[in-house]
Amino acid sequence: MSWRGVGAEFVGTVMFLVAIVGSGVVTSVGGPQSTQLFHHAVIVGAMLAALILALGPISGAHFNPAVTFADAALGGISKRLAGAYVLAQLVGAVVGVALANFVFGHPIVQVAEIERLGVPLVASEALATFGLLFVIFATVGSNSSGAVAAAAGTYITAAIFATPSTSFANPAVTISRLLTPTWTGIAPNSVLPFLFGQAIGTVAAIVVTRFMLWPTRDEARPAIQLQTEKGSP
């Protein structure tokens, strides 16, 4: 198992959530809601791209249990390493939210109250998650962390602004954001529907990716594992 990779997933997810929650605090100071959301989207997308460039060669820069699950399903990493990645991502996401809450003067942990309910939002999460994973898988064939960083960062920027759910598209992000009182939070009763939508999007992305990009088992290739040395099975 690549412990360096697990550490990179933890650090990257911490910084990603700091950007998500922190930018939500800063952009909510004033101005139209659409402008606030646009600024938030740009900041989050830029941080994601930077983290992929920095940590992609170490861990593949997943920062997202949905990406890790799909990568394992497509043969990119072992199940053992995938489990370690997901644990690092979940812990890192909670730590990132706590840090963002702390530096902006909010309680370190506080249950969010913003409800995000309804079939359209669940469908939005399914669509956003599918799109993110498919863009990543379609881009990774270039074997360039720069291409993946650009694709993932710009996709998230666009999807946050273009979807009614603001494109959480990440189970670790969803779970951890129930711990912030800022407008980036999500109430506990909204978490499971969002996770359900993300699960649907993940399965759809695996199926479509296998059909379009991995036509046969013999031609299968790692999904987004960019590091030179994989973890052992």
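Here are a few questions and answers about this predicted model.

User: How many helices does the chain have, and how are residues numbered?
Analyst: Residues are numbered from 1 along each chain as its sequence is written. In this predicted model, local features need pLDDT of at least 70 and side-chain atom pairs pLDDT 80 or more, while totals for chains, interfaces and linings use all residues, and side-chain values use heavy atoms, without hydrogens or water. Helices are DSSP runs of H or I with at least four residues, strands runs of E with at least two, numbered from the N terminus. The chain has zero strands, and its helices come to eight.

User: Is Ser-190 buried or exposed?
Analyst: Let's find Ser-190 in helix α8 (residues 188-212). Buried means under 20% relative accessible area, exposed over 50% and partly exposed in between, with a 1.4 Å probe and protein chains only. Because its relative accessible area is 0%, Ser-190 is buried.

User: Which residues is Ser-190 in contact with, leaving aside its neighbours within four places in sequence?
Analyst: Contact means heavy atoms within 4.5 Å. With those neighbours left aside, the residues in contact with Ser-190 are Ile-114, Glu-115, Arg-116 and Leu-117.

User: How do helix α1 and helix α2 cross, and what does that make them?
Analyst: The axes, lines fitted to C-alpha atoms over the stretch in contact, have angles from 0 to 180 degrees between N-to-C directions. For α1 (residues 3-27) and α2 (residues 33-59), the axes come within 9 Å and cross at roughly 170 degrees. Angles over 145 degrees count as roughly antiparallel, so α1 to α2 is roughly antiparallel.

Definitions and conventions
Angles under 35 degrees count as roughly parallel, over 145 as roughly antiparallel, 65 to 115 as roughly perpendicular and the rest as oblique.
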